Amino acid sequence: TALAMLAWHRWHVATGDNRYGDSIERALAWTLTQQGSTSPRKPQIGHDTTLAGWSWAAGTHSWLEPTAFFARAGVELGMGSHPRFVEARRLIVDRSLPSGGWNYGNTIVLGQELLPHIQPTGIALWSLAANDLQSDKIETSLRYLSQAIDVRTTTASLSFALMGLAAYQRVELRHRQFLERLSERALGRATSTYHLALLTLANHALADS
């Protein structure tokens with residue numbers, strides 16, 4: 001739903017055609033009725049379990065990627081100051097790992113810091129950049145992401161990583177070369193529409209950075 005709202009809204013911005021306006025309104029109304037479950041904080045869990053974002057499935061805990069997608073959609077739709085989207089951004093920042101980056105949404109479990117993942121880190125940075133958020137956590141995550149990607153990084157992970165880096169103007173020449181090589185390989189073989197769409201978005205992000 002978050003991605004659909006973004007697509008409909010960007011169509012309107014690009015073309016002036018508001019044919020999806022009613023769909024956006026209904027989707028946004030539904031979005032504001034949904035939230036991940038919360039629970040009291042526990043010493044075994046590092047992140048703030050009282051913050052509500054969005055979940056992958058109804059009635060489950062709030063996780064990083066769906067919350068980041070909805071948070072970005074809220075900003076682009078002019079709803080960034082709504083309490084739900086403000087809390088969503090707090091959740092995203094809270095779920096960042098002490099050493100930099102994000103994963104699916106856990107930080108420390110039973111005293112052990114978990115590992116960051118490339119794709120959710122890129123998504124989180126891309127989402128937060130819509131508010132021009134700057135913090136030490138952003139900087140450490142940008143450094144992690146810049147160093148984590150290379151020529152072996154998969155299509156989805158590299159595309160979201162580059163969108164996140166581009167959102168903060170942190171794209172380097174080698175990052176562009178990674179995308180060029182991946183795009184050339186994709187065009188040389190059967191590639192899913194999903195991957196082609198991600199590569200297109202990444203190329204657009206780099207063109208604007």
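Mentor: Let us begin with Asp17, which counts as partly exposed at 23% relative accessibility. This is a predicted model, in which local features need pLDDT of at least 70 and side-chain atom pairs count only at pLDDT 80 or more, while totals for chains, interfaces and linings use all residues. Residues are numbered from 1 along each chain as its sequence is written, and side-chain values use heavy atoms, with hydrogens and water left out.

Trainee: Why does Asp17 count as partly exposed?

Mentor: The scale, computed with a 1.4 Å probe on protein chains only, calls a residue buried under 20% relative accessible area, exposed over 50% and partly exposed in between. Asp17 has 23% and therefore counts as partly exposed, whereas Arg19, with a relative accessible area of 55%, is exposed.

Trainee: What makes the meeting of the side chains of Arg19 and Asp17 a salt bridge?

Mentor: The rule asks for a side-chain nitrogen of Lys or Arg within 4 Å of a carboxyl oxygen of Asp or Glu. For Arg19 and Asp17 the N to O distance is 2.6 Å, and the pair is a salt bridge. Side chains of opposite charge can pair when their charged atoms come close. As for its setting, Arg19 is placed in the loop between helix H1 (2-15) and helix H2 (21-31), and its C-alpha lies 12 Å from that of Ala7, 12 residues away in sequence.

Trainee: How many salt bridges does this rule give?

Mentor: The count comes to seven salt bridges. One of them joins Arg152 to Asp150, whose closest N and O atoms are 2.6 Å apart; Arg152 has 69% relative accessibility and so counts as exposed. Another joins Arg72 to Glu76, with 2.8 Å between the closest N and O atoms. Here both partners lie in helix H3 (residues 64-76), four residues apart, about one turn of the helix.

Trainee: Is Arg72 buried or exposed, and which residues are linked in a network with Arg72?

Mentor: Arg72 has 13% relative accessibility and therefore counts as buried. Its network of salt bridges links Arg10, Arg72 and Glu76.

Trainee: How do you know that H3 is roughly parallel to H5?

Mentor: The axes are lines fitted to C-alpha atoms over the stretch in contact, and angles run from 0 to 180 degrees between N-to-C directions. H3 and helix H5 (residues 118-129) pack at about 25°, their axes being 9 Å apart. Angles under 35 degrees count as roughly parallel, over 145 as roughly antiparallel, 65 to 115 as roughly perpendicular and the rest as oblique. That makes H3 roughly parallel to H5.

Trainee: Which residues of H3 and H5 meet?

Mentor: With contact taken as heavy atoms within 4.5 Å, Leu64, Glu65, Ala68, Phe69, Ala71 and Arg72 of H3 meet Gln119, Pro120, Ile123, Ala124, Trp126 and Ser127 of H5. By class, this contact has eight nonpolar, two polar and two charged residues, where Ala, Val, Leu, Ile, Met, Phe, Trp, Tyr, Cys and Pro count as nonpolar, Asp, Glu, Lys and Arg as charged, and the others, Gly among them, as polar.

Trainee: Why are H8 and H9 called roughly antiparallel?

Mentor: Helix H8 (residues 173-187) and helix H9 (residues 193-208) pack at about 150°, with 11 Å between their axes. H8 and H9 are therefore roughly antiparallel to each other. Arg176, Leu179, Leu182, Ser183 and Ala186 of H8 meet Leu199, Ala202, Asn203 and Leu206 of H9. These residues divide into six nonpolar, two polar and one charged.

Trainee: What does H7 contribute where it packs on H8?

Mentor: Helix H7 (residues 155-167) packs on H8 at about 145°, the axes lying 11 Å apart. In this contact, Thr155, Leu158, Leu162 and Leu165 of H7 meet His175, Phe178, Leu179 and Leu182 of H8. The classes here are six nonpolar, two polar and no charged residues.

Trainee: How exposed is Arg174, and which residues is Arg174 in contact with?

Mentor: Arg174, which lies in helix H8, has a relative accessible area of 29% and is therefore partly exposed. Leaving aside neighbours within four places in sequence, Arg174 is in contact with Ser146, Gln147 and Ile149.

Key: Helix = DSSP H or I, 4+ residues; strand = E, 2+ residues; numbered from the N terminus.
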